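Q: I have a structure open and want a quick tour. Can you walk me through it?

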Amino acid sequence: MQDPLGPNTLRLIDLALEEDTGRGDVTTRLTVPAGAMGAGRVIAKADAVISGLAVFEATMRRVDDRIAVERRAQDGDRAERNAVILTAAGPLASLLIAERTALNFLQRLSGVATLTRRFVDALPPGSKAVVADTRKTTPGMRALEKLAVLHGGGRNHRADLASGVLIKENHIAAAGSLAAAIARCKEGAPHTIRVEVEVQSEEDLAHAIDAGADAVLLDNMDAEEIRRCVAAAAGRVVLEASGGVTLATMAEIAAAGVDVISVGALTHSAPAADLSFLLEGA
């Protein structure tokens with residue numbers, strides 16, 4: 001499991017806080033008595049899978065290290081509507097200043113985890129397929145969003161361009177042919193890295209297997225095309241289906257027999273989880 005509070009995350013928190021609070025909080029300054037203390041709770045206003053608790057707490061404490069956060073749930077938990085996710089107590093002004101930025105992280109990451117769980121739950125019983133993310137992530141938030149995918153029950157694809165070889169159509173064009181691209185990658189990549197190639201047809205799948213690909217991504221194929229490719233591959237390579245995958249098509253794609261179903265929507269289209277921070281007495 002990745003560390004949710006590495007240096008990149010702390011820089012991201014600081015940037016987000018600077019964006020929202022860099023010039024101060026005029027409303028809080030004018031309404032909150034000096035020295036006032038307070039407490040509040042984060043409540044789920046709709047069912048959600050939780051992710052980002054450590055980031056919420058770190059954001060609060062980045063504003064004021066006197067804020068104490070008590071978790072009532074864990075990352076990966078399914079929270080029902082009206083469930084209390086956590087409580088926070090400390091200087092009232094600091095709670096109000098940090099509230100929005102901390103919630104933005106928690107809502108975004110819980111939204112990714114929630115959508116991922118919906119895709120995982122859409123797999124048919126007994127399916128061997130796993131649901132994976134892509135690199136279609138929010139700039140600067142990739143590590144956190146990929147961790148949220150794990151919290152939702154999914155798997156991570158490449159973390160970055162150095163994590164694995166994935167030959168796409170532009171790489172094939174640059175190398176001159178599919179076979180040439182695979183040959184160069186097989187020769188030059190470390191032995192620990194699997195070579196995967198994206199194909200659009202059963203014919204290209206055959207060429208990729210003959211050229212020594214370890215895995216093949218079946219791009220934007222319907223279930224019947226995928227089924228034929230699975231039969232043609234006969235277990236010789238890992239098969240990944242990707243492109244245009246929806247909740248409605250998950251079961252059919254998984255039943256076609258692929259090993260991995262990668263879904264860009266997990267990170268690029270996840271709606272924020274409906275969470276709210278309410279002060280005691282509010």
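Q: How many disulfides does the structure hold?
A: Zero disulfides. A disulfide here is a pair of cysteine sulfur atoms within 2.5 Å. Keep in mind that this is a predicted model, where local features need pLDDT of at least 70, side-chain atom pairs count only at pLDDT 80 or more, and totals for chains, interfaces and linings use all residues. Residues are numbered from 1 along each chain as its sequence is written, and side-chain values use heavy atoms, with hydrogens and water left out.

Q: Is Cys-229 buried or exposed?
A: Cys-229 is buried, with a relative accessible area of 2%. Buried means under 20% relative accessible area, exposed means over 50%, and partly exposed is in between (1.4 Å probe, protein chains only).

Q: And what about Cys-185?
A: Cys-185 has a relative accessible area of 22%, so it counts as partly exposed.

Q: New topic. Which residues have the most contacts inside the largest nonpolar core?
A: Val-197, Val-199, Val-216, Leu-218 and Ile-261, in a core of 55 residues. The largest share of this core, seven residues, comes from α4. A nonpolar core is a set of buried Ala, Val, Leu, Ile, Met, Phe, Trp, Tyr and Cys residues joined through side-chain atoms within 4.5 Å. Helices (H or I, at least four residues) and strands (E, at least two) are DSSP runs, numbered from the N terminus.

Q: Which residues are in a second, separate core?
A: That core has 22 residues, including Leu-53, Ala-79, Leu-95 and Leu-106.

Q: Back to Val-216. What is it in contact with?
A: Skip its neighbours within four places in sequence, and the partners of Val-216 include Val-197, Val-199, Leu-205 and Val-238. Contact means heavy atoms within 4.5 Å.

Q: Now the helices. Why is α5 described as largely enclosed?
A: Seven of the 10 residues of α5 (residues 142-151) are buried, so the rest of the structure largely encloses this helix. Among the buried ones are Leu-144, Lys-146 and His-151.

Q: What do the buried residues of α5 pack against?
A: α1 (7-21), β2 (48-49), α3 (53-63), α4 (92-121) and α11 (265-268). After α5 comes Gly-153, with a positive phi near 95 degrees.

Q: Which residues of α1 are buried?
A: Thr-9, Leu-12, Ile-13, Ala-16 and Leu-17. They cover an arc of only 130 degrees around the axis, so they sit on the same side of α1. The arc is that of the directions from the helix axis to the C-beta atoms. The buried residues of α1 pack against α3, α4 and α5.

Q: What is exposed on the other side of α1?
A: Pro-7, Asn-8, Arg-11, Leu-15 and Glu-18.

Q: Last stop, Ser-242. Where does it lie?
A: In strand β10 (residues 238-242). Ser-242 has 15% relative accessibility, so it counts as buried. Its side chain makes a polar contact of 2.8 Å with that of Ser-262. A polar contact is a pair of N or O atoms within 3.5 Å; within protein, one must be able to donate a hydrogen and the other to accept it, and residues adjacent in sequence count only if both atoms are side-chain atoms.

Q: And where is Ala-234?
A: In the loop between α9 (223-233) and β10. Ala-234 is exposed, at 58% relative accessibility. Its phi is positive, about 50 degrees, although Ala-234 is not a glycine.
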